[in-house]
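Visitor: I would like to learn how to read some features of a model. Please show me the structure to begin.

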Amino acid sequence: MTRGRFISFEGGEGAGKSTQAARLADRLRARGLQVVATREPGGSPGAEALRRLLVQGEADRWSATAETLILYAARDDHLTRTIRPALDRGAWVISDRFADSTRAYQGAAGGGSTALIAALEQAVVGADWPDLTLVFDLDPALGLERAAGRGGADARFEGKGLAFHQRLREGFRALAAAEPARCVMIDASGSPEAVEAAIWSAVQARLPVPEPAA
Ligand SMILES: Nc1ncnc2c1ncn2[C@@H]1O[C@H](COP(=O)(O)OP(=O)(O)OP(=O)(O)O)[C@@H](O)[C@H]1O
Ligand SMILES: [Mg+2]
């Protein structure tokens, strides 16, 4: 059994990650692949329970350190119960956010300890980094506008102010530049169709999709 592939979608609020993760999952399924579409924070029952602590309530509800620890408890559960079993049975896993979001939100933008984050990455993620990470880049003013148009109660991070979201964008750009073998920057300012085309060419270039079995 060939181990599946792992793709993560990363970037700021309202950049279009969830829209495009669903489109990529559909395309891969149409190619005959088994796809597990999941998200962070969340992706397993325990991690979804922790998600509610993170995405609801006041913007300053948690320190960056507390957020990092809750996120890594959730990520451990997600990896153990959802991601690793799926990859082991040959499925492709598409995760709407993963460990880079902690680097960017709690580290670069939140001022949390990068040493703590690195230690947790080693203990929890280990060797199971995504094969490909698509980093959506968009002016945060535009992203926050899109996210506000979408509505919903899970908007705690949207309330952190424009300066936070500008640091966030720079953080994502820096981490993508530091790991070019894993990360591809995606210009998220175009139409949904233009972004979808950019993603499909990145996937085909990095992880050639086998033709469906005859
Ligand atoms: N390329 C695009 N151009 C304009 N609007 C878009 C585009 N892609 C998505 N949208 C719209 O913008 C809003 C945010 O998109 P989406 O929920 O996919 O973003 P997201 O990156 O998942 O956001 P979050 O980080 O908050 O989960 C949605 O209403 C969606 O329909
Ligand atoms: Mg989303």
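This is a predicted model: local features need pLDDT of at least 70, side-chain atom pairs count only at pLDDT 80 or more; totals for chains, interfaces and linings use all residues.

Visitor: At roughly what angle do the axes of helix H1 and helix H8 cross?

Guide: Helix H1 covers residues 17-30 and helix H8 covers residues 192-206; their axes cross at roughly 55° and come within 10 Å.

Visitor: Is the crossing of H1 and H8 left-handed or right-handed?

Guide: H1 passes H8 in a right-handed crossing.

Visitor: Which residues of H1 and H8 meet?

Guide: On the H1 side they are Gln20, Arg23, Leu24, Arg27 and Leu28. Their partners in H8 are Pro192, Glu193, Val195, Glu196, Ile199, Trp200 and Val203. Sorted by class, this contact of H1 with H8 holds 7 nonpolar, 4 charged and 1 polar residues.

Visitor: Where is the kink in helix H3 centred?

Guide: The kink is centred on Leu79 and is about 45°, within a helix that runs over residues 64-88. Just after H3 comes Gly90, with a positive phi of about 95°.

Visitor: Is Ser95 buried or exposed?

Guide: The cut-off for buried is under 20% relative accessible area. Ser95 has 0%, so Ser95 is buried. This residue lies in strand E3, residues 92-96. Leaving aside residues up to four places away in sequence, Ser95 touches Phe6, Ile7, Ser8, Phe9, Thr38, Arg39, Glu40 and His78.

Visitor: What does Gln122 count as, buried or exposed?

Guide: Exposed means over 50%. Gln122 has a relative accessible area of 65%, so Gln122 is exposed. Gln122 is a residue of helix H5, residues 114-125. Between the C-alpha atoms of Gln122 and Arg89 there are 24 Å, with 33 residues separating the two along the chain.

Visitor: And what does Ala141 count as at 35% relative accessibility?

Guide: Values between the two cut-offs are called partly exposed. Ala141, at 35%, therefore counts as partly exposed. Its place is in helix H6, residues 140-150.

Visitor: How many residues apart along the chain are Ala141 and Glu13?

Guide: They are 128 residues apart along the chain, while their C-alpha atoms are separated by 9.6 Å.

Terms used:
Residues are numbered from 1 along each chain as its sequence is written. Chains are lettered from A and ligands numbered from 1 in the order in which they are written. Side-chain values use heavy atoms; hydrogens and water are left out. Axes are lines fitted to C-alpha atoms, for helices over the stretch in contact, and angles run from 0 to 180 degrees between N-to-C directions. Helices (H or I, at least four residues) and strands (E, at least two) are DSSP runs, numbered from the N terminus. A crossing is left-handed if the near helix is turned anticlockwise from the far one by less than a right angle, and right-handed if clockwise. Contact means heavy atoms within 4.5 Å. Ala, Val, Leu, Ile, Met, Phe, Trp, Tyr, Cys and Pro count as nonpolar, Asp, Glu, Lys and Arg as charged, and the others, Gly among them, as polar. Buried means under 20% relative accessible area, exposed over 50%, partly exposed in between (1.4 Å probe, protein chains only). The bend at a residue is the angle between axes fitted to the seven residues ending there and the seven starting there.
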